[in-house]
Amino acid sequence: MMLSDFPAMPVLAVTDLPRARRFYEDTLGLSPGEDAPDGVVYRAGGVDLLVYPSSYAGTNKATAVGFQLPQDAFDTEVARLRDLGVAFQEFEMEGLTWHDGVAEMEGMRSVWFADPDGNIINVGTATASGG
């Protein structure tokens, strides 16, 4: 057996679990699943995501978790996040063009934003063909 035979779980550290729960549940629309020791597990697209308190919260400056949407759902989700006050980040990267906070490259589109602790979240299109 190898690690590839087992499910992986993204893990996000936060400083204030009640504040994080409001963000992940109210802003991102995730439903809480089972409580974990000092944290909560969310289920998204068949994958578990653990959010837990840690003094190391917000120290990762790279993308911590990404959500892949079909092309036809991307604009609706981006508009919903904007309506909830989510601010999208822009940065320099070769090959990316930006339009109002949305990055485009080779037919794919993405946005990046931070949770209240600075964890970087990506929402993007699954493929250029929408799958």
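Reader: How many residues lie between strand 6 and strand 7?

Author: In this predicted model, strand 6 and strand 7 form a hairpin with two residues between them. D100 lies in the turn and has a positive phi of about 55°.

Reader: In which sense do strand 6 and strand 7 pair?

Author: Strand 6 (residues 97-99) and strand 7 (residues 102-105) are antiparallel, with three bridges between them. H99 has V102 as its bridge partner, and T97 is bridged to E104.

Reader: And strand 7 with strand 8: which residue in the turn has a positive phi?

Author: That residue is E106, with a phi of about 50°. Strand 7 and strand 8 also form a hairpin with two residues between them. Strand 8 covers residues 108-114 and runs antiparallel to strand 7, to which three bridges join it. M105 stands opposite M108 in strand 8.

Reader: Turning to the sheet, what is the order of the strands?

Author: The order is 5-9-8-7-6, an open sheet of five strands with mixed pairing. From one strand to the next, the twist averages 30°.

Reader: Which strands does helix 2 lie across?

Author: Helix 2 (residues 71-83) lies across strand 5, strand 7, strand 8 and strand 9 (120-125).

Reader: At what angle to strand 8?

Author: Helix 2 runs at about 25° to strand 8.

Definitions and conventions: Residues numbered from 1 in each chain as written. Predicted model: local features only at pLDDT ≥ 70, side-chain atom pairs only at ≥ 80, totals over all residues. Heavy atoms only, no water. Pairing = 2+ DSSP bridges. Helix = DSSP H or I, 4+ residues; strand = E, 2+ residues; numbered from the N terminus. Axes fitted to C-alpha atoms, helices over the stretch in contact; angles between N-to-C directions. Contact = heavy atoms within 4.5 Å.
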